[in-house]
Every structure is written in structure tokens, then in C-alpha cells.
Amino acid sequence: MSSSSAALADYRAALTSPGALVPALASALARLPIAMTTLAVLLYVQRVTGSYAVAAVVSAGTLAGESLGAVAQGRWMDRTGPTRPLLLAAGLYALAGAGLVLAIESGAALPLLVGAAALSGLVRPAMPGASRSLWARLVPAGPRRDAAYSYEAISLETFFILGPALAAFLVTAPWPGTALVVAIAGMVIGTTIFALSRPVRTQRPSAGGPSIGMLGALRPPGMRTVTLASLGFGLVIGSVEVGVNAVATEQGSPTLGGVLLSAWSVASVVAGVLYSLRPWPRPLHLRMPSLLAAFAACVTAMALVGPLASLPVLVVAMLAAGALITPQVTAHSLGVEATAPAGTSTEAFGWVVTAAVLGISSGQVLAGLAVDTAGAASSFLVGGVAGGIVAAALWWRRGTLAPRPAEHLTAA
């Protein structure tokens, strides 16, 4: 059997493992709105206020709240199991989401909008970490579990791209809050079904117990390096999300943003599957800085063609950048597997997600300010420069991920 066939067989075996179907489907429903929500809030507020800068600040509030909630929920799940934390979070998120919609509709002052957004993010169910940690229970260690983790990375990245695309389409409905309400409903329903599924209900705390202390799963230097990589990735993603929709607005076609982001998702998924079969650079400590540097360079190229309003060229640059998205998320997942202390897998992945959403929120704010002051193309330049800086920092810290005796960082 060829290496490609073997890899695809591992994907199939992981996804058809006993008990995997219900939580996998529920997790997909709950995780799709993760990135959809941030852009839904941004576009909803922008339609109401007319300002990208204000909208970006409110959207960033959502992500800032989530950055705190994801780690706290992850640590709680490592200690008690996921069902109770997820069910409580789902109920609180439904209430907080309704409050955010009411605040936007009533034209509340900016501080109140940001507070409502931050609260909704704080209680949003930490599904990525919960979903990923379940595979260690469902699939034995080895190629099948590696394939399951790759599936998590590929599917999560698909949702990070398809979510904004769906939000961009739904926000053009007669009521611009449609996208946000759909996202909230999907998260609540998917999380509830996932939490009540039998494999999740019977999941026990991780062996060895979670780490104690302020840093928790971030104690190893390598884990901090993985988190930094996720932060840089988010900075670039956030700037592109704002820039693409700003370009679409400049072109007089708001739905064009959804089309462009959908094309980005296709490149991301296809390239991610192919890359997982033969990753390069193979060593993880070289892969992370190289992928982020190339990603930043492609997004910078988008800024150079943007002022020319050459959409075909912009699409080509986007597809090139999109091909580098899923390989990075897969590398982050492998980094967690290699560096997280025993018993902290959910919290560790929560830190990675937290870094990504903080990066996205910061990228959105910086890009929103750039769009309001210098035009749509400037947002791509902001993201490219920020990503390049973080890539340089990763190269400087690459030794924290380098293989050591009796330590093996497996390839994707």
C-alpha cells in the first residue's frame, strides 16, 4: 500500500472508531461557529455603526473574553471531565449571546458593547480542546491517533475559513444580525449534543492530573513556543479577514468577501491533506517558523496587488497563502502533543486556541484601523509584517522544540 493510501486509511479508521460518530458530528456543528462569530460580530456592528474601527474593537472584545475562558475551561475539564463544564458554558453562552444582540440592536455605547462581547467570549464553550482530547480515549496511540489529530487540525482550519465566509453571506440578509444568531445557535446545540454523548459523559480526568500553578500547561518552554506560533498565525488571519471584506466593499460587492474566503478554504483543505502526507520541513522546530514566514510573505504580496484592484491577481495570492494555513494548524497540534505536560492536554490546546484568537482579535483591530486610514490593501501589509516578526521570534526560539534524546516529535 502506498504511503498516501495508508494515510487515508488511518483517517478513515480514526473517524469510524466505535463511539466516534456522534461526538465528531456534534463537534463539527459546535466548532463551525468559532470563527464565524467573530466576523459576524464585526460585520453586524459595522452595519449598525458604519465604522470598521468600532466594529473591530467590539469583535476583539469577543475574542479577548474567549482567550480567558478557553484556558479556564480547559483546566476545569482536565480535572473533572468535560460534560459539566461544557453544559454550563453552553447555557451561559446562550444568555450572553442574547445580551450581545440586544446591546447591538439598542445602539449601546461602545464600552457596553465591548463588555457584552467580552462576556459572550468568556463563556463560549471551549470545544476545540475538548474535541481534540477525546481522540486520546477513542483511538490508540500510533498512526491512527496522529490521523485523528490531523483531522482535528484540518477540520478546525476549515471552520476558521468557512465560518467567516458563511458569516459574510448571512450578514447580507435583511437583518444583519442573522449570522450572529445562527452562530450562537450552532454552538449551543452542537456543544450540548457533544457533552451528552456517551464517550464524553464517560470520560474521566487525564491520568497524572493537570499541572498546578499560574502557568499550568505553559510551563515547558516548547509549549510557550507553540503558543507564540499560534499567536502569529492569528495575527495574519485576522488582518486578512478584515482586508478581504474591505476590498469587497470597495468593489461594491459585499458578498465578494464570502466568495474569496471560500476559495481560501478550498486551498487550505486540499493543501492541508496533501501536506500531511509528506510534510516539509519535517523537523517540527524548523517547520513552524518556515511556514509562518512563507504565510506572512504571501499575505504581504496581497497588499502589493490590492491597490491595483486586480482581483484575479489577489485571488492567486490568497490561494497561495491559503495553502499554508492547515499545515500550520497541524504543526501546532503536534507541538501540543510533544510539549504539553502529562494530564494537561485540554488546557494546553486551550492555550493554543487562546493565542490564535488573541492574534485574530489584534489583527482585526490593527487592520480595521489601517483600512479606515489608508485603504483596504493596508490591512494585508499589517498582517504580513506582524507575521514576519513573529516568524523571526520562532526561529530564535526553535531550540525549545528541537528533538532531544528519548524525545521524538512525530511528523504530521
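**Exercise 1.** What volume does the second largest cavity have?

*Solution.* The model is a predicted one. In it, 4 cavities of 30 Å³ or more are counted. The second largest cavity has a volume of about 70 Å³. Its lining includes Glu66, Ala70, Gly74, Arg124, Thr346 and Val353. At least two lining residues each are supplied by α4 (52-80), α7 (127-138) and α16 (345-374).

**Exercise 2.** Determine which residue forms a salt bridge with Arg124, and state where the two partners lie.

*Solution.* 
1. The partner is Glu66, and the closest N and O atoms are 2.1 Å apart. This separation can be set against the cut-off for a salt bridge, which is within 4 Å.
2. Arg124 is in the loop between α6 (110-122) and α7, while Glu66 belongs to helix α4; the pair therefore ties together parts that are 58 residues apart in sequence.
3. To be buried, a residue must have under 20% relative accessible area. Arg124 has 2% relative accessibility and so counts as buried. Glu66, with a relative accessible area of 5%, is buried.
4. Both Arg124 and Glu66 are among the residues that line the second largest cavity.

**Exercise 3.** How many salt bridges are there in total? Describe those formed by Glu347 and by Arg31.

*Solution.* 
1. The count comes to 3 salt bridges.
2. Glu347 forms a salt bridge with Arg75, where 2.8 Å separates the closest N and O atoms. This pair links distant parts of the chain, with Glu347 in helix α16 and Arg75 in helix α4, 272 residues apart.
3. Glu347 has a relative accessible area of 0% and is therefore buried. Arg75 is buried, with a relative accessible area of 17%.
4. Arg31 forms a salt bridge with Glu152, and the closest N and O atoms are 3.3 Å apart. Since Arg31 is in helix α2 and Glu152 in helix α8, the pair ties together parts that are 121 residues apart in sequence. Both Arg31 and Glu152 are buried.

**Exercise 4.** Classify the aromatic pair of Tyr44 and Trp175, and then that of Phe233 and Phe295.

*Solution.* 
1. The structure holds 3 aromatic pairs.
2. Tyr44 and Trp175 lie 6.0 Å apart, centre to centre, with 80 degrees between the planes, and form an edge-to-face pair. Tyr44 is in helix α3 (residues 33-49) and Trp175 is in the loop between α8 (143-170) and α9, so the pair ties together parts that are 131 residues apart in sequence.
3. Tyr44 is buried, at a relative accessible area of 0%, whereas Trp175 is partly exposed, at 32%.
4. The ring centres of Phe233 and Phe295 are 6.0 Å apart and their planes are at 25 degrees, so this pair is stacked. It links distant parts of the chain: Phe233 is in helix α11 (residues 221-250) and Phe295 in helix α13 (residues 284-305), 62 residues apart. Both Phe233 and Phe295 are buried.

**Exercise 5.** Which residues make the nonpolar surface patch of about 550 Å², and which element gives the largest share?

*Solution.* 
1. The patch is made by Leu21, Val22, Leu25, Leu29, Ile189 and Ile193.
2. Two or more of its residues come from each of α2 (21-31) and α9 (178-196). The largest share, 4 residues, is that of α2.
3. Val22 has its place in helix α2. With a relative accessible area of 45%, Val22 is partly exposed.

Terms used
Residues numbered from 1 in each chain as written. Predicted model: local features only at pLDDT ≥ 70, side-chain atom pairs only at ≥ 80, totals over all residues. Heavy atoms only, no water. Patch = residues over 30% accessible without salt bridge, like charges linked within 9 Å, V, L, I, M, F, W, Y side chains within 5 Å. Areas by Shrake-Rupley, 256 points an atom, 1.4 Å probe, with all protein chains shown as cover. Salt bridge = Lys/Arg side-chain N within 4 Å of Asp/Glu carboxyl O. Buried < 20%, exposed > 50% of the residue type's maximum accessible area, 1.4 Å probe, protein only. Phe/Tyr/Trp six-rings, centres within 6.5 Å; stacked < 30°, edge-to-face > 60°. 1 Å grid on protein atoms, 1.4 Å probe; cavity = no way out; pocket = protein on both sides within 12 Å on 5 of 7 lines; lining within 4 Å. Points joined across faces, edges and corners; volume = space filled by probe spheres on them.
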